[in-house]
Amino acid sequence: RCAANNALGNFGAALADCTEAIALTPNYQHAYAGRCNVNNNLSNFVAAVSDCTRAIALDSKDDASYNNRCLAQLDVGNYSLAVADCTRSIKLNPQNSQALNNRCHAYDYLGNFKAAVPDCTQAIAINPTYQHPYGNLCGADLGLPDFGAAVDDCTKAITLDPRDATVFISRCAAYINQHNFSAALSDCNQAIKLDANNAQAYNNR
C-alpha cells in the first residue's frame, strides 16, 4: 500500500504505511527502500538518506536505493557523495537512466561539465522521452560553454515538459549569451509565469 500511495501522490499516507511495515518487520528492506523514495518526494532528504542507507545495508545490490540516496544527496548539496552513489547504481544497472541523469546533474553542480555530457546523453539514448536529462544536458552545455547546443537541448526539454521553469531560465541564459535578447526576454517571462518567486528568472530578465 505504501508503493501504491506513493505512485498516486498520497505521500503522507505512503509514509505512514512504510513506517508501519518497518515497525512490524524491522529488517524489511523493501519498506526502507520505499520510505526513502517517499521521503524524497516529501523533500525530507536527510530522512531519505538514512532510509536508503538502511536499505543498502540490508541489500547492497539494490541499484534503486543507491540512486534514490544519490538524489537525496543532490538535494542536500553533497554532490561528491551523490556521484559516488549514482556510480554504484550504474555499475549495478547500466540501463538505469535515472541514475545516469542524476549523476549528470551532480557533475553539473561540481562544474565537471565534460563528465556530465556523456551521462545525460546516455540517459537520453536509453529513454528518449525522459525530460530531465535534456534539461541537465542544457546546463552542461551552458557550462562548457556551447550556447547553440544549450538552446537545442533546452528546447527539447521544454517540448517534453513546458511546465519546467528552470529550463526556460537556462534557455534564457543561452539566448543572452547569443545576444538574442528578444528570445531571452520571452523565456524569462515564461519562467516567471511558471514560478513567480524564482529570483534567477528576474535576474536574467
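Colleague: Is Asp119 buried or exposed, going by its relative accessibility?
Modeller: This is a predicted model, where local features need pLDDT of at least 70, side-chain atom pairs count only at pLDDT 80 or more, and totals for chains, interfaces and linings use all residues. Residues are numbered from 1 along each chain as its sequence is written, and side-chain values use heavy atoms, with hydrogens and water left out. Buried means under 20% relative accessible area, exposed over 50%, partly exposed in between (1.4 Å probe, protein chains only). Asp119 comes out at 6% relative accessibility, so put it down as buried.

Colleague: Which side chain does Asp119 meet in a salt bridge?
Modeller: A salt bridge here is a side-chain nitrogen of Lys or Arg within 4 Å of a carboxyl oxygen of Asp or Glu. For Asp119 the N to O distance is 2.6 Å, and the partner is Arg103. The pair links helix H8 (residues 113-126) with helix H7 (residues 97-110), helices being DSSP runs (H or I, at least four residues) numbered from the N terminus.

Colleague: Which residue forms a salt bridge with Arg35?
Modeller: The closest N and O atoms are 2.8 Å apart, and the partner is Asp51. Arg35 lies in helix H3 (residues 29-41) and its partner in helix H4 (residues 45-58), so parts 16 residues apart in sequence get tied together. Both ends are buried: Arg35 and Asp51.

Colleague: And Arg1, buried or exposed?
Modeller: Arg1 forms a salt bridge with Asp17, and Asp17 is buried at 15% relative accessibility. Arg1, at 73%, counts as exposed.

How values were computed
Helices (H or I, at least four residues) and strands (E, at least two) are DSSP runs, numbered from the N terminus.
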